[in-house]
Amino acid sequence: MILIPAILAGLLAQEMPKKSHVYKEVGELKIGLDVYRPETEDRLPVLVWIHGGALLMGSRGGVPGHLLALCRKEGFALVSIDYRLAPQVKLPAIIEDVKDALAWVRGKGAEAARLDPKQVVVAGGSAGGYLTLMCGVAVDPKPTALVAFWGYGDVDGDWYVKPSEFYRTRPLVAREDALRGIGENAVAAPSDKADAEARSRLYLYFRQNGLWTKGVTGCDPGKALDSF
């Protein structure tokens with residue numbers, strides 16, 4: 001039984017091979033996406049997947065297997081995108097990355113990966129769900145459909161701007177420990193295991209102290225957040 005998920009993943013990889021592309025460069029940072037599609041010359045409709053991770057963590061590699069299976073069944077290509085992560089950049093820059101990724105799908109990607117620019121569905125989970133909803137506001141032309149899995153509708157609700165009792169049941173993270181390992185340069189995915197662990201620790205510190213909103217937007221809660 002343990003081998004079944006691996007076998008299914010292998011079958012999906014054979015039927016939906018992956019090709020990586022750079023859709024944007026910011027200075028020396030290359031921001032990429034992966035296109036999963038069957039080996040066909042047909043121009044396919046697209047599902048764009050936006051990963052979660054509280055805008056601090058995660059990468060385009062975390063594509064749900066059931067979505068790949070659904071795309072294979074329905075004849076869709078799946079495009080999984082990276083975007084720059086907070087806290088090195090703030091939410092406006094992240095939204096710009098998502099907009100640029102969608103522009104690539106409808107422009108260069110339509111030719112390079114044989115995608116149908118008129119049939120673009122966007123989906124995402126958690127923070128990716130929030131960014132999915134933002135595509136209905138910030139992206140033009142609008143996607144054909146938006147599917148947000150447990151995405152939140154704002155970034156300054158009480159559950160994020162106040163200390164979380166749930167996270168405060170865990171050992172409290174000191175500020176100096178939270179910032180340890182967080183560099184100054186922007187990244188579009190955790191660079192290694194240590195970076196991923198540092199980002200998880202920072203998220204815990206943010207939630208324990210009600211600082212997540214300010215950490216990812218650069219704004220105090222309730223101030224200048226209407227555009228987010």
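In strand β6, Ala145 is the bridge partner of Val121. This contact belongs to the pairing of β5 (residues 115–125) with β6, which runs in the parallel sense over 5 bridges; two strands are taken to pair if DSSP finds at least two bridges between them. The model is a predicted one, in which local features need pLDDT of at least 70 and side-chain atom pairs count only at pLDDT 80 or more, while totals for chains, interfaces and linings use all residues. Residues are numbered from 1 along each chain as its sequence is written, and side-chain values use heavy atoms, with hydrogens and water left out.

The sheet to which these strands belong is open and is formed by 6 strands in the order β1-β2-β4-β3-β5-β6, with mixed pairing. Strands β1 (18–26) and β6 (145–149) stand at the edges with a single partner strand each, so one side of each is left without a neighbour in the sheet. On average, neighbouring strands of this sheet are turned by 25 degrees against each other, direction ignored. Helices (H or I, at least four residues) and strands (E, at least two) are DSSP runs, numbered from the N terminus.

Helix α5 (residues 127–138) lies across β3, β5 and β6, and runs at about 140 degrees to β5. For such angles, axes are lines fitted to C-alpha atoms, for helices over the stretch in contact, and the angles run from 0 to 180 degrees between N-to-C directions.

The aromatic rings come next. Rings of Phe, Tyr and Trp (its six-membered ring) pair if their centres lie within 6.5 Å, with planes under 30 degrees apart counted as stacked, over 60 as edge-to-face and the rest as tilted; by this rule the count comes to 11 aromatic pairs. The ring centres of Trp49 and Phe149 are 6.3 Å apart and their planes stand at 55 degrees, so the pair is tilted. This pair links distant parts of the chain, with Trp49 in strand β3 and Phe149 in strand β6, 100 residues apart. Trp49 counts as buried because its relative accessibility is 6%, and Phe149, at 26%, counts as partly exposed; buried means under 20% relative accessible area, exposed over 50%, and partly exposed in between (1.4 Å probe, protein chains only).

Terms used
Contact means heavy atoms within 4.5 Å.
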